[in-house]
Number of protein chains: 4
Amino acid sequence: MTSAPDRDGVWLPLRFRDLDAFGHVYHAEYLTLLDEARTRWFREVLALDEPGSYVVARIEIDYASSLVLDDGEAGFLFEVERIGTSSLTLRETVRAPDGRVVARVRSVTVRRDLVAGTSRPLSDEERDRVLALTEDRQ
Amino acid sequence: MTSAPDRDGVWLPLRFRDLDAFGHVYHAEYLTLLDEARTRWFREVLALDEPGSYVVARIEIDYASSLVLDDGEAGFLFEVERIGTSSLTLRETVRAPDGRVVARVRSVTVRRDLVAGTSRPLSDEERDRVLALTEDRQ
Amino acid sequence: MTSAPDRDGVWLPLRFRDLDAFGHVYHAEYLTLLDEARTRWFREVLALDEPGSYVVARIEIDYASSLVLDDGEAGFLFEVERIGTSSLTLRETVRAPDGRVVARVRSVTVRRDLVAGTSRPLSDEERDRVLALTEDRQ
Amino acid sequence: MTSAPDRDGVWLPLRFRDLDAFGHVYHAEYLTLLDEARTRWFREVLALDEPGSYVVARIEIDYASSLVLDDGEAGFLFEVERIGTSSLTLRETVRAPDGRVVARVRSVTVRRDLVAGTSRPLSDEERDRVLALTEDRQ
């Protein structure tokens, strides 16, 4: 008896256009999908103010397996590794519906005040929510 | 007296579509542009067989500055850090025409035999060309 | 009293990357989204063999209103206008969740035999299903 | 003796990412490339104010032949069909370097005042330049 792969995290449908000429999801497209899933996680799980107002400062990504169109969708798991003044360092995992890991990622993103055009410190409320979430996991 | 920024490396024109809603070249697009420039460098400088037949195994990218449409194009410099059996580890720099660095990157790419669907060892001739280029720089 | 906008047709979530520097879904992206929705409709409603194996021969598109990220998703309605030997001419409508029409489209697509590399005539079964669907609507 | 295909118009390099899983430039990508070339033509040939400040109101496109990566670049020819108050209707042709036509297009674009968020009438100077160009061709 096999158990179904779990459905934790954010899931996004793939598009035909995500594929490259080799028939795999193009490696740059992983960043687009991660960005989409991360913003949703910032909104729904961390409840950050202006969840989409951030810039990506650094990405490390290991491509472990190819995503193909038959996978249909990709799943994204996020975990906080470090909280900075304005930045969050996350551990991110991308999975296919059959459970296999397709990429392991570390991202550093910096909150932006889009009107002022500067980085924005995380508020105490945001910091507390992030810390609470981090402790829940331990 | 200021000297003109040098024009070393591969230069690619930007497109309006490379921008995101913040008016900057989207962070995932850097990987697309890097891939395009890298393949050209594999062809024209390293003279690899089937220059475009590779997969990206790992990327580390630090975003140092925003690229905007007025930059018009981006320049790409590549340097070999390590030669594996089938893989190349490169140090990559992305610059704007005014000379400022917009990203610092390390990539690991693996040569592919597209017909066999397996990784392809670098030939002795390819390895010699890569080594000769590496020594020239020192 | 207002009734909720209907949810007929295929709905696809938008991505931040679908936006251009003006903050609207980029006009070329409508074709990508239409293609995604059309393939799903070919599979789920027309039940065509190899639903994604077609080429686009002609598109006419009128952009009626901007799609923005707050719309969240876009809805796609398809209607058969003409059945050719290997081609289908469709009337297509793109809507936002609030019910406003954002684009009116006519597409001509041609079924492909990807292995033979030629156009593929619709089978009698496929033709009957398309005709039955067309008659249902009248 | 064959003459070289002419190099009239705007030419843009293709990218690997322009391809889809069939190995052809994706049909939506033609609109992205056309947009890029059209803006350049608005700037360099029509000398319009704020050449990139326009929205696409309508596109008709006939796909005549596939573009592949070996084509390397695509060429774009533009001809004015009609001048409206704020709009231009253009006849557009996309060609491969070997001279074959890959797409025939009609576009309607509307000049935008991005600050006011409204359509912007063409100035008398712009109108005169467009008319002079149109008469030159006859």
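This is a predicted model: local features need pLDDT of at least 70, side-chain atom pairs count only at pLDDT 80 or more; totals for chains, interfaces and linings use all residues.
Me: What does the C-alpha trace of chain A span along its principal axes?
Reply: The spans are about 45 × 35 × 20 Å.

Me: What percentage of the residues in chain A is buried?
Reply: Of the 138 residues in chain A, 31% are buried. As for contacts in chain A between residues at least 6 apart in sequence, 65% join residues at least 24 apart.

Me: Let us turn to the strands. Which strand of chain A pairs with β2(A) over 9 bridges?
Reply: That strand is β5 (residues 101–113) of chain A, and the pairing with β2(A) is antiparallel. Within it, A:Ile59 has A:Ser107 in β5(A) as its bridge partner.

Me: Parallel or antiparallel, how does β4 of chain A pair with β5(A)?
Reply: Strand β4 (residues 87–95) of chain A pairs with β5(A) in the antiparallel sense, over 9 bridges. One of the bridges sets A:Glu92 against A:Val105 in β5(A).

Me: Which residue in the hairpin of β4(A) and β5(A) takes a positive phi?
Reply: A:Gly99 does, with a phi near 100°, in a hairpin that has 5 residues between the strands.

Me: What about β6 of chain A; over how many bridges does it pair with β5(A)?
Reply: Strand β6 (residues 118–119) of chain A and β5(A) pair over 2 bridges, in the antiparallel sense. There, A:Arg112 stands opposite A:Ser119 in β6(A). The hairpin formed by β5(A) and β6(A) has 4 residues between the strands, and A:Gly117 in the turn has a positive phi of about 75°.

Me: Now the interfaces. How many residues of chain A are in contact with chain B?
Reply: The contact involves 13 residues of chain A and 13 residues of chain B. On the chain A side, α1 (29–44) and β2 (54–63) each supply at least two residues.

Me: Which element gives the most to that side of chain A?
Reply: β2(A) gives the most, with 8 residues. By class, the side of chain A that touches chain B has 7 nonpolar, 2 polar and 4 charged residues.

Me: Which strand of chain B pairs with β2(A)?
Reply: β2(A) pairs with strand β2 (residues 54–63) of chain B in the antiparallel sense, over 5 bridges. In that pairing, B:Arg58 in β2(B) is the bridge partner of A:Asp62.

Me: What rotation superposes chain D on chain B?
Reply: A rotation of 180°, with 0.0 Å of shift along its axis, superposes chain D on chain B with an RMSD of 0.0 Å. D:Pro13 has the C-alpha nearest the axis in chain D, 4.2 Å from it. Here too, 100% of the contact residues of chain D recur in chain B.

Me: Last topic: how many residues of α1(D) are buried?
Reply: Helix α1(D) is mostly covered, with 12 of its 16 residues buried. Among them are D:Tyr30, D:Leu33, D:Leu34 and D:Phe42.

Me: Which elements do the buried residues of α1(D) pack against?
Reply: They pack against α1 (27–44) of chain C, together with β1 (10–13), β2 (54–63), β3 (73–83), β4 (87–95) and β5 (101–113) of chain D.

Me: How far apart are the end C-alpha atoms of that helix?
Reply: The end C-alpha atoms of helix α1 (residues 29–44) of chain D are 23 Å apart, which agrees with the 22 Å that its 16 residues should span at 1.5 Å a residue.

Definitions and conventions: Residues are numbered from 1 along each chain as its sequence is written. Chains are lettered from A and ligands numbered from 1 in the order in which they are written. The expected span of a helix is 1.5 Å times one less than its number of residues. A residue is buried if 20 or more other C-beta atoms lie within 10 Å of its own, exposed if 12 or fewer, and partly exposed in between; C-beta atoms are placed from the backbone. Two residues are in contact if their C-beta atoms, placed from the backbone, lie within 7 Å. Ala, Val, Leu, Ile, Met, Phe, Trp, Tyr, Cys and Pro count as nonpolar, Asp, Glu, Lys and Arg as charged, and the others, Gly among them, as polar. Two strands pair if DSSP finds at least two bridges between them. Copies are superposed by least squares on the C-alpha atoms of residues with pLDDT of at least 70 in both.
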